Amino acid sequence: MAREQLQTLTEPMYYTLLALTHPMYGYEIMQTVQELSVNTVKIGAGTLYALLARFEKEGIIVQLSDDGRRKTYQITDKGRTLLNTEFQRLKNSVAAYNEFIKKPMKLAKKEKKISESEFLLSTGMLVED
């Protein structure tokens with residue numbers, strides 16, 4: 001698999017790597033991902049084990065143990081670099097949102113005394129029913 005394919009992580013990938021900053025086994029990873037994402041990301045067993053196999057093959061995680069019942073995994077240095085890169089990308093996305101939406105919204109509210117909903121409607125970011 002080419003490195004370029006992992007330039008941007010999906011949410012399940014991101015939260016799985018975040019969970020694996022601590023040693024965990026499959027079911028524990030699924031529960032932690034759901035908790036970290038505030039129930040917005042739920043990973044099924046098939047999806048999880050496909051991700052784990054892919055990550056392990058790429059050296060992004062390592063299997064620490066296999067007691068026959070469960071395999072325990074943890075992120076590697078390469079995985080941490082990937083996770084940190086994705087975190088920075090997400091931070092940049094939030095900063096861009098704040099720069100281009102929140103900042104003008106505050107100015108518009110201050111100068112024109114309009115509400116946040118009125119501003120979002122004027123920019124097309126909010127549609128009335």
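So, the chain has five helices and three strands, where helices are DSSP runs of H or I with at least four residues, strands are runs of E with at least two, and both are numbered from the N terminus. In sequence order the pattern reads α-β-α-α-β-β-α-α. Before I go on: this is a predicted model, so local features need pLDDT of at least 70, side-chain atom pairs count only at pLDDT 80 or more, and totals for chains, interfaces and linings use all residues. Residues are numbered from 1 along each chain as its sequence is written, and side-chain values use heavy atoms, with hydrogens and water left out.

Some overall numbers. Of the 129 residues in the chain, 30% are buried; buried is under 20% relative accessible area, exposed is over 50%, and partly exposed is in between, with a 1.4 Å probe and protein chains only. The chain exposes about 8,600 Å², with carbon and sulfur atoms supplying 52% of that. Those areas are Shrake-Rupley with a 1.4 Å probe, and for residues only the protein chains shown count as cover. As for contacts, meaning heavy atoms within 4.5 Å, take those in the chain with a separation of 6 or more: 46% of them come from residues 24 or more positions apart.

Now the helix pairs. Two packed helices are described by the angle between their axes and the distance between the axes. Here the axes are lines fitted to C-alpha atoms, for helices over the stretch in contact, and angles run from 0 to 180 degrees between N-to-C directions.

Let me start with H1 and H2. They pack at an angle of about 110°, with their axes 9 Å apart. So H1 and H2 are roughly perpendicular to each other; the classes are under 35 degrees for roughly parallel, over 145 for roughly antiparallel, 65 to 115 for roughly perpendicular, and oblique for the rest. On the H1 side the contact uses Tyr15, Thr16, Leu18 and Ala19, and on the H2 side Ile29, Thr32, Val33 and Leu36. By class that contact has six nonpolar, two polar and no charged residues. For the classes, Ala, Val, Leu, Ile, Met, Phe, Trp, Tyr, Cys and Pro count as nonpolar, Asp, Glu, Lys and Arg as charged, and the others, Gly among them, as polar.

Next, H1, which is residues 11-19, against H3: the axes come within 11 Å and cross at roughly 70°. H1 and H3 are therefore roughly perpendicular to each other, and their crossing is right-handed. Pro12, Met13, Thr16 and Leu17 of H1 make the contact with Leu48, Leu51, Leu52, Arg54 and Phe55 of H3. Those residues divide into seven nonpolar, one polar and one charged.

Gly26, Tyr27, Ile29 and Met30 in H2 meet Ala45, Leu48, Tyr49 and Leu52 in H3. The count for H2 with H3 is seven nonpolar, one polar and no charged residues.

Leaving out residues up to four places away in sequence, Thr16 touches Ile29, Val33, Ile43, Leu48, Leu51, Leu52 and Phe55.

Staying with burial, H2 has Gly26, Ile29, Met30, Thr32 and Val33 buried. The cover over the buried residues of H2 includes H1, strand S1 (24-25), H3 and strand S3 (71-75).

Last stop, the loop between H2 and H3. Val38 sits there and has a positive phi of about 55° although it is not a glycine. With 66% relative accessibility, Val38 counts as exposed. Asn39 is in that loop too, and it also isn't a glycine but has a positive phi, about 65°. Then there's Gly44, in the loop between helix H2 (26-36) and helix H3 (45-57), which counts as partly exposed at 37% relative accessibility. Gly44 and Gly26 are 18 residues apart in sequence, and their C-alpha atoms are 10.0 Å apart in space.

Notes
Left-handed = near helix turned anticlockwise from the far one by under 90°.
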